[in-house]
Amino acid sequence: MTYCLGIVTQSGFVVAADSRTNAGVDYISTYQKLFDFSEPHQRVILLCTSGNLAITQAIVNSLNRDLKLGECESFHTLPTLYDAACYVGEKIRHIQERERPWLERDKIDFSCNCLLAGQFQGEPPELYLIYRQGNCIQATPETPFLQIGETKYGKPILDRILTYNTSVEDAAKCALLSIDSTMKSNISVGPPINLVMYHANSYKIRHRLRLEQDDLYLTEIRKQWEASLKQAFDQMSPIQWFEL
């Protein structure tokens, strides 16, 4: 399991992902799930993956291969981010279909999902969720965030705090708290956490973090958040019971 999150606002976007792929009793493994395909000063493209690791690695390798070989269709030749999302969807369908007979025979789940965030010249910052079937949906001002993987534990804070007018800096803090809340409730999500913050119309990634379990800032915001929640709980009005 994993947890990846994308947030788009009027001032840019944030993408965050954990790195845990297995959380057994005696075996924990980590793999990168956030990938940068940007072309500096031209287009910014970030991809997050969740699901079957062999499938997602094959997708990323195929995307990199197209760039390396200078194929006519690649992240650096497509005209819009929507076209890029459809291109990733085609990769998902092709690779899943190629591997399907062998994985189905052994009853192995080969599903995957992707988040694609970026900005092309002349276009606004955008965020897409690409499903295992290859189709996609886009984040909107009414729904400015999209999630893949273990989504339920980190969603409440996003619903309560985020709007399209939230600053990208506050969106980054919200993303970290969302992932930390998920790690608190589910051992299958864990560090290192990769976080990218992008300012609209800059066409270059200037803010990037990789946070380990014992990172001082991650520890600090976790303690501050827990203390703030406890204080808010203590200040809530008591329940007005009807006596029977």
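Contact here means heavy atoms within 4.5 Å. By that rule, and leaving aside neighbours within four places in sequence, Ser62 is in contact with Lys91 and Ile95. The model is predicted: local features need pLDDT of at least 70, side-chain atom pairs count only at pLDDT 80 or more, and totals for chains, interfaces and linings use all residues. Residues are numbered from 1 along each chain as its sequence is written, and side-chain values use heavy atoms, with hydrogens and water left out.

Ser62 is found in helix 1. Helices (H or I, at least four residues) and strands (E, at least two) are DSSP runs, numbered from the N terminus. Ser62 and Val88 are 26 residues apart in sequence, yet their C-alpha atoms are 9.7 Å apart in space.

**Aromatic pairs**

The structure holds four aromatic pairs. Rings of Phe, Tyr and Trp (its six-membered ring) pair if their centres lie within 6.5 Å; planes under 30 degrees apart count as stacked, over 60 as edge-to-face and the rest as tilted. Phe75 and Tyr87 have ring centres 5.4 Å apart and planes at 80°, so this pair is edge-to-face. The pair links distant parts of the chain, 12 residues apart: Phe75 is in the loop between helix 1 (53-69) and helix 2 (81-105), Tyr87 in helix 2. Ring pairs link Phe37, Phe75 and Tyr87 into a cluster.

Elsewhere, a charge meets a ring. The charged end of Arg43 sits over the ring of Phe120, 4.3 Å from its centre. The criterion is NZ of Lys or CZ of Arg within 6 Å of the ring centre and within 35 degrees of the ring normal.

**Burial**

Buried means under 20% relative accessible area, exposed over 50%, partly exposed in between (1.4 Å probe, protein chains only).

| Residue | Relative accessible area | Class |
|---|---|---|
| Phe75 | 0% | buried |
| Tyr87 | 2% | buried |
| Asn52 | 16% | buried |

**Asn52**

Asn52 lies in the loop between strand 6 (43-51) and helix 1. Its side chain reaches the backbone nitrogen of Ala54 at 3.0 Å. The Asn52 side chain also reaches the backbone nitrogen of Ile55 at 3.0 Å. Beyond neighbours within four places in sequence, Asn52 is in contact with Ile108, Asp109, Phe110 and Ser111.

**Helices 4 and 5**

The axes of helix 4 (residues 168-185) and helix 5 (residues 216-234) come within 11 Å and cross at roughly 80°. The two helices are therefore roughly perpendicular (65 to 115 degrees). Residues that meet include Leu176 and Leu177 in helix 4, and Ile221 and Trp225 in helix 5.

How values were computed: A polar contact is a pair of N or O atoms within 3.5 Å; within protein, one must be able to donate a hydrogen and the other to accept it, and residues adjacent in sequence count only if both atoms are side-chain atoms. Axes are lines fitted to C-alpha atoms, for helices over the stretch in contact, and angles run from 0 to 180 degrees between N-to-C directions. Angles under 35 degrees count as roughly parallel, over 145 as roughly antiparallel, 65 to 115 as roughly perpendicular and the rest as oblique.
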